[in-house]
Amino acid sequence: MKDTLHLADPKPRMVAHRGTSGLELENTNSAFVAAGNRSYFGIETDVHRTADGQFILFHDDNTKRVAQDEMIIEKTCYETLRAIRLVDKDGKKGRKDLIMPSLREYIQICKKYEKASVLELKNHFKPEDVYAIIDIIDQEGWLDHTIFISFDLQNMICIRERLPEQKAQFLISDYPDWLVDTLKLHRLDLDIKYTALTKERVEELHAAGIEVNVWTVDTLEDAQRMVEYGVDYITSNIVE
């Protein structure tokens, strides 16, 4: 299997971080399509609930960094957010395609290009909102190709309770003493900052039946080290 870093070992499955964000503006349909046209296994993105209970894709809580206009995502209505033109990678506005995608648009792109959806639930979601997200993905027939991720453990527990066999990875930046037992208890896999890993920790996780994804690996040297450690997924901003 070819991958975006041209690694010799085919095992780690490559995930495009926020789409092909090294080429197109992060978390836009353009970035997702660019990833779809490359050899990534999956496309990662971030979902928020808007003030009126809909779902939109954006990384930050505040729009200012990517849009110049300053709005709090979860306190703003969906149509208002959709009307914002985002700033391209050259720092200019103008492209009509650079708007915040809907959850359904993202899933449809992943489905069209046969890429796994790696969907981060941003912040804490109420169970009914988690279920609404699940329902949208299910309506598109793409649940079997979706991996849910979140820094919020309760989000992951909610996913597990509703979908006992669903791929779900708990996001974390360090490796606390309670981590492995907690993952085993809730039958969760792991998505961890690559600098927190050692080969021994990967072996410990695999011995417990836990798959390992690493974020965000942007040099060939670091990626090769993760391959040597035996990780299962590598999330990267690098463009092939």
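Buried means under 20% relative accessible area, exposed means over 50%, and partly exposed lies in between (1.4 Å probe, protein chains only). I wrote that down first, as I use those words throughout.

**Ground rules.** I am looking at a predicted model, where local features need pLDDT of at least 70, side-chain atom pairs count only at pLDDT 80 or more, and totals for chains, interfaces and linings use all residues. Residues are numbered from 1 along each chain as its sequence is written, and side-chain values use heavy atoms, with hydrogens and water left out.

**Cores.** I looked up nonpolar cores, meaning sets of buried Ala, Val, Leu, Ile, Met, Phe, Trp, Tyr and Cys residues joined through side-chain atoms within 4.5 Å. The largest one has 54 residues, and Ile 133, Phe 148, Leu 197 and Val 214 touch the most other members. I also found a second, separate core of twelve residues, including Val 66 and Leu 98.

**Cysteines.** A disulfide is a covalent bond between the sulfur atoms of two cysteines. My search counted a pair of cysteine sulfur atoms within 2.5 Å. How many disulfides are in the whole structure? I found zero. I checked two cysteines anyway: Cys 110 is buried at 0% relative accessible area, and Cys 158 is buried at 7%.

**Salt bridges.** Here I wanted a side-chain nitrogen of Lys or Arg within 4 Å of a carboxyl oxygen of Asp or Glu. By this rule I got 15 salt bridges.

- I started with Asp 97 and Arg 95, whose side chains meet at 2.6 Å, N to O. Asp 97 is partly exposed at 34%, and Arg 95 is partly exposed at 27%.
- Next came Arg 162 and Asp 135, with their closest N and O atoms 3.3 Å apart. Arg 162 is in helix α6 (residues 153-162) and Asp 135 in helix α5 (residues 127-139), so this pair ties together parts 27 residues apart in sequence. For the names, helices (H or I, at least four residues) and strands (E, at least two) are DSSP runs numbered from the N terminus.
- Then I turned to Lys 167 and Glu 211, with closest N and O atoms 2.8 Å apart. Lys 167 sits in strand β6 (residues 167-172) and Glu 211 in the loop between α8 (199-207) and β8 (212-215), so the pair ties together parts 44 residues apart in sequence. Is Glu 211 buried or exposed? Glu 211 is buried, at 17%, while Lys 167 is partly exposed, at 36%.

Last entry: I found Arg 18, Glu 26, Asp 60 and Arg 65 linked in a network of salt bridges.
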